[in-house]
Amino acid sequence: MSDPTQRFTDRVADYVRYRPGYPPTLLDYLQQLCGLSPTDRIADVGSGTGQLTRLFLAGGYWVYGVEPNPAMRQAAESQLAACRRFYSQPGRAEATGLPDASVALVVAGQAFHWFDPDLSRAEFQRILSPGGCVALVWNNRDQTHPFQRAYESLLLQYAPAYSAVRHRRQDTLAQMQPFYGPSAPHTHTLDYCQSLDWAGLWGRLMSCSYAPRPEHPNHLPLKKALKDLFRGHQEQESINFIYQTRVYCGLLLSTR
């Protein structure tokens, strides 16, 4: 699929049900680092179905959920309809449609690797109020755990599109440095865990853009291999899917 904004259109239901949220301590960290006040507005860019948006809404902030994919955006609107502090905004990182200097913080969860770095940088500088920060966040699978290492091996074996997506990811300090400018962003890592039964584990995988769909010849072999892996690691019919939540946060300083 050539347009990355459409990659998740046929995976919205699984995305809503099975994608992980983010650790509450992430909000504490960003509040302290960025000096946020209760009246501040936040732009969650590439907000999807609202996993990261929910964290800031729970903290009492006003949040613009900027999402280019109509199906993902509509799912967030349905889930968050009762929250008056949520604004659903059709737009993309390179053209959010938000006013100049309108937000104190731009956040992106699991999304930055789909952005054009130069165009999104200019757009974020435009919509940020003076002194505003950008926080880029990833839930990375913790490869120190045997289950996670075996899960990674299954993806490499059965999901042909996974290698390309993994290569596209930009979540090391060396990769992030040019985006932030001459000063390195603050970096922080938080522990996070998602408890999943078999249906949850399979749904978690099927929510990923690289997971082979039912018509793909690898779909059923992958399902069988994952079921065997689950059986070998489950305790009381569930497994702990363990993440290291990686955060980069800082000002977008001029590179001139």
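## How α9 crosses α10

In this predicted model, helix α9 passes helix α10 in a right-handed crossing. Helix α9 covers residues 198–206 and helix α10 covers residues 219–233. Their axes come within 11 Å of each other and cross at roughly 135 degrees.

On the α9 side, the contact is made by W198, L201, W202, L205 and M206. On the α10 side, H219, L222, K223, L226, K227 and F230 take part. Sorted by type, the residues of this contact are 8 nonpolar, 1 polar and 2 charged.

## The sheet

Strands of a sheet pair through backbone hydrogen bonds, either parallel or antiparallel.

The open sheet has 7 strands in the order β3-β2-β1-β4-β5-β7-β6, with mixed pairing. Strands β3 (86–90) and β6 (186–196) are the edges, each pairing on one side only. From one strand to the next, the twist averages 20 degrees.

Strand β1 (residues 41–45) and strand β2 (residues 62–67) run parallel and are joined by 5 bridges. V45 has V66 in β2 as its bridge partner.

## Helices on the sheet

Helix α3 (residues 51–58) lies across β1, β2, β3 and β4 (103–109). The direction of α3 is at about 145 degrees to β4.

Helix α9 also packs on the sheet, where it touches β6 and β7 (239–250). The direction of α9 makes about 135 degrees with that of β6.

Technical notes
Residues are numbered from 1 along each chain as its sequence is written. This is a predicted model: local features need pLDDT of at least 70, side-chain atom pairs count only at pLDDT 80 or more; totals for chains, interfaces and linings use all residues. Side-chain values use heavy atoms; hydrogens and water are left out. Axes are lines fitted to C-alpha atoms, for helices over the stretch in contact, and angles run from 0 to 180 degrees between N-to-C directions. Helices (H or I, at least four residues) and strands (E, at least two) are DSSP runs, numbered from the N terminus. A crossing is left-handed if the near helix is turned anticlockwise from the far one by less than a right angle, and right-handed if clockwise. Contact means heavy atoms within 4.5 Å. Ala, Val, Leu, Ile, Met, Phe, Trp, Tyr, Cys and Pro count as nonpolar, Asp, Glu, Lys and Arg as charged, and the others, Gly among them, as polar. Two strands pair if DSSP finds at least two bridges between them.
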